[in-house]
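Welcome to this short tour! Keep your viewer open and have the selection tool ready, and we will go from stop to stop together.

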Amino acid sequence: MADSESLHRTAYSPAPFSTWLGIVCLFVVFGVIVLAVIGPSPRGSNYEQMRAQKRMERLKTLREETLKDLTTYAWVDKNKGVARIPIDRAMELTVAALAQKKPAPAGPIATPAAQTPPTAASPAPPAAAQGATGAPPASPSAAARQSQPTLASPVPATTP
């Protein structure tokens, strides 16, 4: 019985002062770290308003540059002779060029031939597989190629 009583005293004995002091110091160190991280960050809605204003200014300058690129003439590469023209003028030139071209007739549309599904795995008689010469075919696909018709090309043979 004395063992259980000593165990009870050991388990429920008050912690020494140094343990409590160590725990308090850990909390203080944690608080200092949190303040060091959060302290310099901006607070309030003023920061968000400034960021939104900067984004709006960058978007405005980007739109102005894009509009300038789409509406003005400029050299892209003067050495190669590549120039940029306004998008409206480019569309006019493209429509005029397409209006002068005569549409080419379309070629005939070839419908694919109906393919027959492969037959079930039925063994062929040995005489049919050997052919007329009595020698077996070079490969199993050679016999299949001989039995299937060749498909015609869908491209017309004549050119205008």
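Start by selecting Glu 92, which is partly exposed, with a relative accessible area of 48%. Keep in mind that you are looking at a predicted model.

How many salt bridges does a search of the whole structure find? The search finds three, so let us visit the others, given that a salt bridge here needs a nitrogen and an oxygen within 4 Å.

Next, select Arg 51 and Glu 48. Their closest N and O atoms are 3.7 Å apart, forming a salt bridge. Because they are three residues apart in helix 3 (residues 45-71), about one helical turn separates them. Arg 51 is partly exposed at 37% relative accessible area, and Glu 48 is partly exposed at 43%.

Now pick Asp 69 and Arg 84, a salt bridge with its closest N and O atoms 3.6 Å apart. This pair links distant parts of the chain: Asp 69 is in helix 3 and Arg 84 in strand 2 (residues 82-84), 15 residues apart. Asp 69 has a relative accessible area of 37%, while Arg 84 has 24%.

For the last stop, select Val 29, Phe 30, Ile 33, Val 34, Val 37 and Ile 38, which make a nonpolar surface patch of about 560 Å². Zoom in on Val 37, found in helix 2 (residues 17-38). Val 37 is exposed, with 61% relative accessible area.

Conventions. Residues are numbered from 1 along each chain as its sequence is written. This is a predicted model: local features need pLDDT of at least 70, side-chain atom pairs count only at pLDDT 80 or more; totals for chains, interfaces and linings use all residues. Side-chain values use heavy atoms; hydrogens and water are left out. Patches are made of residues with over 30% relative accessible area and no salt bridge: like charges are joined within 9 Å, nonpolar side chains (Val, Leu, Ile, Met, Phe, Trp, Tyr) within 5 Å. Accessible areas come from the Shrake-Rupley method with a 1.4 Å probe; for residues, only the protein chains shown count as cover. A salt bridge is a side-chain nitrogen of Lys or Arg within 4 Å of a carboxyl oxygen of Asp or Glu. Helices (H or I, at least four residues) and strands (E, at least two) are DSSP runs, numbered from the N terminus. Buried means under 20% relative accessible area, exposed over 50%, partly exposed in between (1.4 Å probe, protein chains only).
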